[in-house]
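Please read them alongside the sequence and the coordinates.

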Amino acid sequence: MLPENLLTNFHFGEHNAILYSGAPALHQFLIEYCRISLKSSNEILLILTYCDSIENILNALKDIDSDIESRQKDGSLVIRESAKAYFNLADELVDIMIMIRMLLQRKRKLGKDGLTVMCDMGIFFHKKRIVDLILHETRLSLGSTDDNEVRMICCYEKSHLTLLSQQQKQQILSTHNKVLGF
């Protein structure tokens, strides 16, 4: 699945999943999606990264768009470590909807069409927090993104899914509107 197809197949108001084959594939996908989005869309991008450093993503984005720093300053591009977005200092699961609501306010202020959230879900596997992962995904599927302003894309490394029981895998994947792999 090419990123340009995602712009037409994944819509605002949906909670979707991407299954990828490894960190290089996710990096390439993420940068290509950003390249297409930054050129053709009027949206805020929130990237929650686990297997790629913020610096690495920014360097790659600077190669394709000279306005990356101004996009960061105005808040139309936000990149955070997923560990800090999903867990507080006491290592408790945090509801990222708080961050999403703040970005939706910024979206309205900037006159953007929507907010795309791309989440690398690897942190949950690294921390062995599968119960929290299922809880998080279930919360998102219960209408928290149905306001047609948020396009949620959860990114899962295929090998991580083999660590789950069939029931856990089904619970996670069933919370998404669409699941696509590459």
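1. Two strands are taken to pair if DSSP finds at least two bridges between them. On that basis this predicted model contains an open sheet of six strands, arranged in the order β3-β2-β4-β5-β1-β6, and the pairing is parallel. Because β3 (77–81) and β6 (179–181) stand at the edges and each has a single partner strand, one side of each is left without a neighbour in the sheet. Direction ignored, neighbouring strands of this sheet are turned by 15 degrees against each other on average.

2. How many bridges join β1 and β6? Strand β1, which covers residues 15–20, pairs with β6 in the parallel sense over three bridges, and Leu19 stands opposite Gly181 in β6.

3. Helix α2, made up of residues 23–40, packs on the sheet and touches β1, β2 (43–49), β4 (114–120) and β5 (150–157). The direction of α2 makes about 165 degrees with that of β2, and since angles over 145 degrees count as roughly antiparallel, the helix may be described in that way relative to this strand.

4. Two packed helices are described by the angle between their axes and the distance between the axes. For α2 and helix α3 (residues 54–64), the axes come within 10 Å and cross at roughly 40 degrees, which makes α2 oblique to α3. The crossing of these two helices, α2 and α3, is right-handed.

5. Which residues make the contact between α2 and α3? From α2, the residues are His27, Leu30, Ile31, Cys34 and Arg35, and they meet Asn56, Ile57, Ala60, Leu61 and Ile64 in α3. By residue class, the contact of α2 with α3 divides into seven nonpolar residues, two polar and one charged.

6. Side chains of opposite charge can pair when their charged atoms come close. A search of the whole structure finds ten salt bridges, and one between Glu32 and Arg35 has its closest N and O atoms 2.4 Å apart. Both Glu32 and Arg35 lie in helix α2, where they are three residues apart, about one turn of the helix. Arg35 of this salt bridge with Glu32 is also listed among the α2 residues that meet α3.

Technical notes:
Residues are numbered from 1 along each chain as its sequence is written. This is a predicted model: local features need pLDDT of at least 70, side-chain atom pairs count only at pLDDT 80 or more; totals for chains, interfaces and linings use all residues. Side-chain values use heavy atoms; hydrogens and water are left out. Helices (H or I, at least four residues) and strands (E, at least two) are DSSP runs, numbered from the N terminus. Axes are lines fitted to C-alpha atoms, for helices over the stretch in contact, and angles run from 0 to 180 degrees between N-to-C directions. Contact means heavy atoms within 4.5 Å. Angles under 35 degrees count as roughly parallel, over 145 as roughly antiparallel, 65 to 115 as roughly perpendicular and the rest as oblique. A crossing is left-handed if the near helix is turned anticlockwise from the far one by less than a right angle, and right-handed if clockwise. Ala, Val, Leu, Ile, Met, Phe, Trp, Tyr, Cys and Pro count as nonpolar, Asp, Glu, Lys and Arg as charged, and the others, Gly among them, as polar. A salt bridge is a side-chain nitrogen of Lys or Arg within 4 Å of a carboxyl oxygen of Asp or Glu.
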